[in-house]
Amino acid sequence: MDPLHTQRGMPESEAAAEARRLIDDWAAKPVLHHPTSFRDETEPPAFGTTPPVKQEDRRIVPAWAAGIAVASIGVGAGITGIGCGAWLALQGLASVSLAGVLMVTLPFAGLAMAATAIGGAISKARAAVTKNVFEAPVTHHTEIHNNSTTRGFFARTRNEIR
């Protein structure tokens, strides 16, 4: 018995006939169309029997919204001023020469040089004050102990200075 070619269910000719019958039943039913919008085609009257009613305009702007609006206008104006100033500065920097750069940086270099000189003078003046006066003879004694070990590829040396 071959499981791949064993017939199960209805024969193929009956299955095709049943499929054709189901499709024909479905196609015979009318398709229901549901409208998705509606338009009223009647003309509105030119005037009515009721007089128009005045409707008050009571739009009140909250204080926080007015504050944000004023602040945003101020920030925009300020940024515009900063942008114009930056544009002018960059236009000036676009036509920079070496002599111009040196003339602009010369005062800063002078201040830096003066600050360095003053700091050096203060440092030397403080270092000149001696607080320790030794009157006994001074001897200097140093011992150095070397400890070397070698294991295979690695070597270690320890120096102890006393």
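Leu90, Leu93, Val96 and Val101 together make a nonpolar surface patch of about 350 Å², where a patch joins nonpolar side chains within 5 Å, from residues with over 30% relative accessible area and no salt bridge (a side-chain nitrogen of Lys or Arg within 4 Å of a carboxyl oxygen of Asp or Glu). Areas come from the Shrake-Rupley method with a 1.4 Å probe.

This is a predicted model, in which local features need pLDDT of at least 70 and side-chain atom pairs count only at pLDDT 80 or more, while totals for chains, interfaces and linings use all residues. Residues are numbered from 1 along each chain, and side-chain values use heavy atoms, leaving out hydrogens and water.

Val101 lies in helix 3 and is partly exposed, with a relative accessible area of 36%; buried means under 20%, exposed over 50%, and partly exposed in between. Helices are DSSP runs of H or I with at least four residues, and strands are runs of E with at least two.

| Element | Residues |
|---|---|
| Helix 3 | residues 98-127 |
| Strand 1 | residues 144-151 |
| Strand 2 | residues 154-161 |

Of the eight residues of strand 1, the number buried is zero, so this strand lies largely in the open. Strand 1 pairs with strand 2 in the antiparallel sense over eight bridges, where pairing needs at least two DSSP bridges, and Thr149 stands opposite Arg156 in strand 2.

The lining of the largest pocket includes Thr149 and Arg156, and strand 2 gives the most to this lining, with five residues. A pocket is an open set of points on a 1 Å grid where a 1.4 Å probe fits, with protein on both sides within 12 Å along at least five of seven lines, and lining residues have an atom within 4 Å of a point.

Note on methods. Patches are made of residues with over 30% relative accessible area and no salt bridge: like charges are joined within 9 Å, nonpolar side chains (Val, Leu, Ile, Met, Phe, Trp, Tyr) within 5 Å. Buried means under 20% relative accessible area, exposed over 50%, partly exposed in between (1.4 Å probe, protein chains only).
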